[in-house]
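Biologist: Can you walk me through this one? Please keep it simple.

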Amino acid sequence: VSTQSTGTRAFPLDRAHSTTLWPTSLKSEFNNFLRQNKKPNRLSKRLEKKKSNLLKKARDEAAKEINDYKTQRETQFKAFCQEHLGSTDGLAQNLAVQTDEQIKQIKIQTEAKRNEVIQMLIASVCDVDLTYNPAQE
């Protein structure tokens with residue numbers, strides 16, 4: 001048991017032994033001291049709990065604000081894409097029209113050059129050179 005020396009008498013700090021050796025005035029002062037020290041503990045516990053609740057509330061509000069901002073930016077991005085890119089249906093229709101025009105141009109060019117190409121093929125097939133040249137082997 002730890003003791004505290006005051007004058008000639010030793011007073012134990014252990015509460016179990018306080019009733020036998022402590023004078024009544026010191027005992028009441030000590031009990032008052034213990035009660036006063038418990039109040040700040042209760043107060044500090046309440047403050048800690050309040051602080052943790054405030055932090056939790058702030059974290060939840062921040063998460064909500066982040067989600068709201070994210071939703072807002074996604075909406076803005078979709079609107080921007082619609083405005084600047086148009087819908088995919090419009091793009092598909094434009095590509096189909098361009099493809100049809102290119103196919104028509106190729107058919108027109110094929111018809112224009114068809115007779116000329118046939119004449120070149122017939123000439124190259126029918127004009128056979130039968131001379132033998134040993135240097136080509």
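Modeller: Start with R114. It is partly exposed, with a relative accessibility of 47%. Keep in mind that this is a predicted model.

Biologist: Which side chain does R114 meet in a salt bridge?

Modeller: E111. The N to O distance is 3.8 Å.

Biologist: And is E111 buried or exposed?

Modeller: Exposed. E111 has a relative accessible area of 53%, and the cut-off for exposed is over 50%.

Biologist: Where do R114 and E111 lie?

Modeller: Both are in helix α3, which covers residues 88-126. They sit 3 residues apart, about one turn of the helix.

Biologist: How many salt bridges are there in the whole structure?

Modeller: The search finds 2. D68 and K64 form one of them. Their closest N and O atoms are 3.2 Å apart.

Biologist: Where do D68 and K64 lie?

Modeller: In helix α2, residues 24-85. D68 and K64 are 4 residues apart, about one turn of the helix.

Biologist: How accessible is D68? And K64?

Modeller: D68 is partly exposed at 43% relative accessible area. K64 reaches 54% relative accessibility, so it counts as exposed.

Biologist: New topic. What pattern does the chain follow along the sequence?

Modeller: It reads β-β-α-α-α. That is 3 helices and 2 strands.

Biologist: What share of the residues is buried?

Modeller: Buried residues make up 3% of the 137 in the protein chain.

Key:
Residues numbered from 1 in each chain as written. Predicted model: local features only at pLDDT ≥ 70, side-chain atom pairs only at ≥ 80, totals over all residues. Heavy atoms only, no water. Salt bridge = Lys/Arg side-chain N within 4 Å of Asp/Glu carboxyl O. Buried < 20%, exposed > 50% of the residue type's maximum accessible area, 1.4 Å probe, protein only.
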